Amino acid sequence: MAQKISELNGIQKAAILLITLGPEKSSKIFKHLKEDEIEQLTLEIANTRSVSQSLKEEVLDEFYEVCLAQQYIAEGGIGYAKDLLEKALGSDKAMEVIGKLTASLQVRPFEFIRKIDASQLLNFIQDEHPQTIALILSYLSTSQASAIISSLSQDKQADVAKRIAQMDRTSPDVIKEVERVLERKFASLVNQDYTIAGGVDAIVEILNTVDRGTEKHIMETLEIDEPELADEIRRKMFVFEDILTLDDRSIQRVLREVDNNELAVALKNAGEDVQTAIFNNLSKRLATMIREDMDFMGPVRMKDVEEAQQKIVNIIRKLEDAGEIIIARGGGDELVV
């Protein structure tokens, strides 16, 4: 008896879709999946013996319809998507597609303001409570959020940054209420599960994009009010691999402050591109010596490697504060040769 699309679960439909698309296109899709998702799909594909042409076509059609609906929602919200889908597919089919989408895909809150210019958005939210501003910025793109936080009054900047970093889970009811005030034109669409937003990583991304003056003010204030939080943020703001963003002159200046033994340990687990950037800024003799040290030292504890890398990061931040090197970032810090 032929299998019906209504009898298939999500993994089965995804497997049939990949089979239909063929190995070349499917391999490109796999690059964007997590390991456990790849394992599940690989197993399902291996267990799929035969698929009728009609079922392949049904799966392709459903995939296209859901993609179309998601695009419409991103462009103008759920109401806009419903109107366009009704014109394209009919009322019943439109509701069916949107139902599948809301059941299986998460539509990001505040999607309707992600295309608004940051200066315009600032006018709407700058007088809101810091917690409300923090919630909104957590859902915006990094460039939008950094532009807005840079434009806030100084007394609000650190407060908002702290609230973003400490934010964990936000009730859908709270998000809906904030969306209702800001959106007005469109109906809110929020997944019923509690939505994770904000956190230390979110504020690190924002601070890595704002101008140095804004970042310095926020960090100095947090060091007084929330020293442990400030320390956690600072550790993540410039990681060892970011040395690739420095120009050769800056790397050479940093290396003059670094102990050769510490450098050998720090490079033990570094990527090839990082090692190349370092060695290219050392004399041939010193580069050879450090390579030999790395070979002779044998296995090194990851903890020791991370500590050595953090010492070098601390040197980089110290030199930046002293104005001896420049770390390119947003807010007018682009380098001009």
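Helices (H or I, at least four residues) and strands (E, at least two) are taken here as DSSP runs, numbered from the N terminus. The model is a predicted one, in which local features need pLDDT of at least 70 and side-chain atom pairs count only at pLDDT 80 or more, whereas totals for chains, interfaces and linings use all residues. Residues are numbered from 1 along each chain as its sequence is written, and side-chain values use heavy atoms, with hydrogens and water left out.

Helix α4 (residues 53-89) holds leucine 68, which counts as buried because its relative accessibility is 12%; buried means under 20% relative accessible area, exposed over 50% and partly exposed in between, with a 1.4 Å probe and protein chains only. From leucine 68 to leucine 84 the separation is 16 residues in sequence and 9.6 Å in space, C-alpha to C-alpha. In the protein chain as a whole, the secondary structure comes to 18 helices and 2 strands, and buried residues make up 38% of the 337 residues. Where contacts (heavy atoms within 4.5 Å) join residues at least 6 apart in the sequence of the protein chain, 73% of them link residues at least 24 apart.

Leucine 137, when residues up to four places away in sequence are not counted, touches Ile125, Ala145, Ile148, Ile149, Val160 and Ile164.

Helix α11 is mostly covered, with 6 of its 8 residues buried, namely Val200, Ala202, Ile203, Val204, Ile206 and Leu207. Its packing was described with axes that are lines fitted to C-alpha atoms, for helices over the stretch in contact, and with angles that run from 0 to 180 degrees between N-to-C directions. Angles under 35 degrees count as roughly parallel, over 145 as roughly antiparallel, 65 to 115 as roughly perpendicular and the rest as oblique. The axes of α9 and α11 come within 6 Å and cross at roughly 140 degrees, and these two helices are therefore oblique to each other. At this crossing, Ala161, Ile164 and Ala165 of α9 meet Val200, Ala202, Ile203 and Ile206 of α11. The axes of α8 and α11 lie 8 Å apart at an angle of about 75 degrees, which makes α8 roughly perpendicular to α11; here Thr142, Ala145, Ser146 and Ile149 of α8 meet Ile203, Glu205 and Ile206 of α11.

Two arginines complete the description. Arginine 253, in helix α14 (residues 248-255), counts as buried because its relative accessibility is 15%, and, residues up to four places away in sequence being left out, arginine 253 touches Leu319, Glu324 and Ile325. The charged end of arginine 291 sits over the ring of phenylalanine 279, 3.9 Å from its centre, the criterion being NZ of Lys or CZ of Arg within 6 Å of the ring centre and within 35 degrees of the ring normal.
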